[in-house]
Amino acid sequence: MRAVSRGKMAAPAALSARSGPLKRTELESAAAHMQVPLAAGAKRAAFPFKVYKADEVKQRLEALFHGKCAYCESYFASQAPVDVEHYRPKGAVEGEPNHPGYWWLAMDWTNLLPSCLDCNRRRRQLAPDGAISDLKILYAQTQSGKKDSFPIAGTRAAADTDDISLEDALLLDPTRDNPSDHLTYWFAEGAASGLVLPKATAVGALPAIGTAPQVAAAAAHTELSVKGAVSIQVYGLNRMHLVQERARLVQRLRFMETMVVSLGNVAGALTNAGLGHEPAVQDALRNLRLLQGQILAEMQFSAAPEAPFSALAKNYLTEFKKRVTSLP
Ligand SMILES: [Zn+2]
């Protein structure tokens, strides 16, 4: 997951357009719908939200996130149309049967994110089970995908007049949080390569976890980012196929690193052998450096905003720079 800024971009006009005989915005219509008194025991019908599905909204989200899922950073624009996802669920909240959902945010630009199917919908997935080992990693069937879940550590907002900042949300939102403060990646060779892990937090900086799910309590206990741990679990960021995709990227980055280092070693050997004054050797050295520069540029490109899993590549490059400066 990578931080993305909505910047000063205005919300798409479709979200606040007026329509129908009463010329109401969708927010006004939804508010009116929620105020209709209900007979005892009756259940309020779901409001037919639709402005969030407008083409303008989809296009804006696709451009902002470069056709990638806001949560897992997989590139899906080439295979499927964007799924507009509500960060705070619009019609229900898992585990809170009396909560109407954050209906007043259903058409709020800051609550909309593009998501792939697997991060957004509840599906059976294979996810790692147990401790990470370099030798093997066991995968087990589990349910993941955000659906209507919105775990919090603070006070739940249940009406449009409630302050959502008091909720202390436990899910990462790449447009509000900096995911790199909460998530890190496992690069060691072996089956665990490409796993995303909650980042260690400074002692004393643990949030109050209130009635948060078990995984939040476990993360707080082991001084790991609670938001990171809960997000990995709820979005299913370690589902098997995703980890395999990220592992392929790690493998590619590792290969490019080996090339850069080897080319540097060959250039060093030629210079140390006292052959640097030979025109043919000077030519070869220039070519070696050029090649090295091209591979480095390719590595950098893996961490660009438009590249899939760019947050992983960014982490890898930080580690790589440390290794390169410590080379003899
Ligand atoms: Zn996703």
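Trainee: In which helix is the place of Q292?

Mentor: Q292 belongs to helix 7 (residues 279-301). Helices (H or I, at least four residues) and strands (E, at least two) are runs assigned by DSSP and numbered from the N terminus. Residue numbers start from 1 along each chain as its sequence is written. This is a predicted model, in which local features need pLDDT of at least 70 and side-chain atom pairs count only at pLDDT 80 or more, while totals for chains, interfaces and linings use all residues.

Trainee: Why is Q292 called partly exposed?

Mentor: A residue is buried if 20 or more other C-beta atoms lie within 10 Å of its own, exposed if 12 or fewer, and partly exposed in between, with C-beta atoms placed from the backbone. Q292 has 18 other C-beta atoms within 10 Å, and is therefore partly exposed.

Trainee: What does Q292 touch, not counting residues up to four places away in sequence?

Mentor: Q292 touches V260, L263 and G264 on that count; two residues are in contact if their C-beta atoms, placed from the backbone, lie within 7 Å. A C-alpha to C-alpha distance can also be given: Q292 and M259 are 7.7 Å apart in space and 33 residues apart in sequence.

Trainee: How is the confidence of the model expressed, and what does the protein chain average?

Mentor: It is expressed as pLDDT, the predictor's confidence in each residue, from 0 to 100. The protein chain averages 86, and 87% of the residues score at least 70. Among its elements, strand 4 has the lowest mean pLDDT (63), and strand 2 (residues 112-115) the highest (96).

Trainee: How many helices and strands does the protein chain have?

Mentor: There are eight helices and six strands, in the order α-α-β-β-α-β-β-β-β-α-α-α-α-α along the sequence. Of the 328 residues in the protein chain, 32% are buried.

Trainee: What makes K23 exposed?

Mentor: K23 has 9 other C-beta atoms within 10 Å, so it is exposed. K23 lies in the segment before helix 1 (26-35), and its phi is positive, about 50°, although it is not a glycine. Most residues other than glycine have a negative phi.

Trainee: Why is K147 called partly exposed?

Mentor: K147 has 16 other C-beta atoms within 10 Å, so it is partly exposed. K147 lies in the loop between strand 4 (138-144) and strand 5 (183-185). K147 is not a glycine either, and has a positive phi of about 50°.

Trainee: What makes G67 partly exposed?

Mentor: G67 is called partly exposed because it has 17 other C-beta atoms within 10 Å. Its place is in the loop between helix 2 and strand 1. Leaving aside neighbours within four places in sequence, G67 is in contact with E62, Y75 and A77.

Trainee: Why is helix 5 described as mostly covered?

Mentor: In helix 5 (residues 226-235), 10 of its 10 residues are buried. Among them are V226, I232 and Y235. Helix 5 is followed by G236, whose phi is positive, near 70°.

Trainee: Which residues of the largest nonpolar core touch the most other members?

Mentor: Such a core is a set of buried Ala, Val, Leu, Ile, Met, Phe, Trp, Tyr and Cys residues joined through C-beta atoms within 7 Å. In the largest, with 57 residues, C69, Y71, C72, Y235, L312 and A313 touch the most other members. The elements that give two or more residues to this core are helix 2 (55-64), strand 2, strand 5, helix 5, helix 6 and helix 8.

Trainee: What makes both faces of strand 2 covered?

Mentor: L112 and P114 on one side, and L113 and S115 on the other, are all buried. In a regular strand the side chains alternate between the two faces of the sheet.
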